[in-house]
Amino acid sequence: QVQLVESGGGLVQTGGSLRLSCVASGRTINNYSMGWFRQAPGKEREFVASNTWDRDRTYYADSVKGRFTISRDNAKSTVYLQMNSLKPDDTAVYYCARIVVLPSVPSPSDWGRGTQVTVSS
């Protein structure tokens, strides 16, 4: 099992930017596809973005395409989510997870605890 810890969330105004990080430990993520998910209050968890271990392929939810960018640094065992042009609808707890089936099926166990992102209008 891999341990995942997210950081970088916070409060930002509409149109602002944040960069989330997800640091892995316990097992290397170099051979894993990784992804980001989010859950807003009262809503189901939804897929945000994912990429393959070699960064060859990336996938995005339609709602974030063109605004969010997923990246990774395998040497640092870290996955990033750059979020630009943020909207109030992006307000949610953001989680990173290991992806077992691309583009968006997560491992049932390899999840972080999440980081809160709040976008004010």
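These legends accompany several views of one predicted model. Local features here need pLDDT of at least 70 and side-chain atom pairs pLDDT 80 or more, while totals for chains, interfaces and linings use all residues. Residues are numbered from 1 along each chain as its sequence is written, and side-chain values use heavy atoms, with hydrogens and water left out.

View 1. The C-alpha atoms fill a box of roughly 40 × 25 × 25 Å along the principal axes. Of the 121 residues, 46% count as buried, meaning under 20% relative accessible area with a 1.4 Å probe, protein chains only.

**View 2. S4 beside strand S9 (residues 92-101).** The two run antiparallel and are joined by seven bridges; strands count as paired if DSSP finds at least two bridges between them. Look for Trp36, which stands opposite Cys96 in S9.

**View 3. S4 beside strand S5 (residues 46-51).** Five bridges link this antiparallel pair. Gly35 has Ser50 in S5 as its bridge partner. In the hairpin of S4 and S5, six residues lie between the strands, and Gly42 takes a positive phi near 75°.

Key:
Helices (H or I, at least four residues) and strands (E, at least two) are DSSP runs, numbered from the N terminus. Buried means under 20% relative accessible area, exposed over 50%, partly exposed in between (1.4 Å probe, protein chains only).
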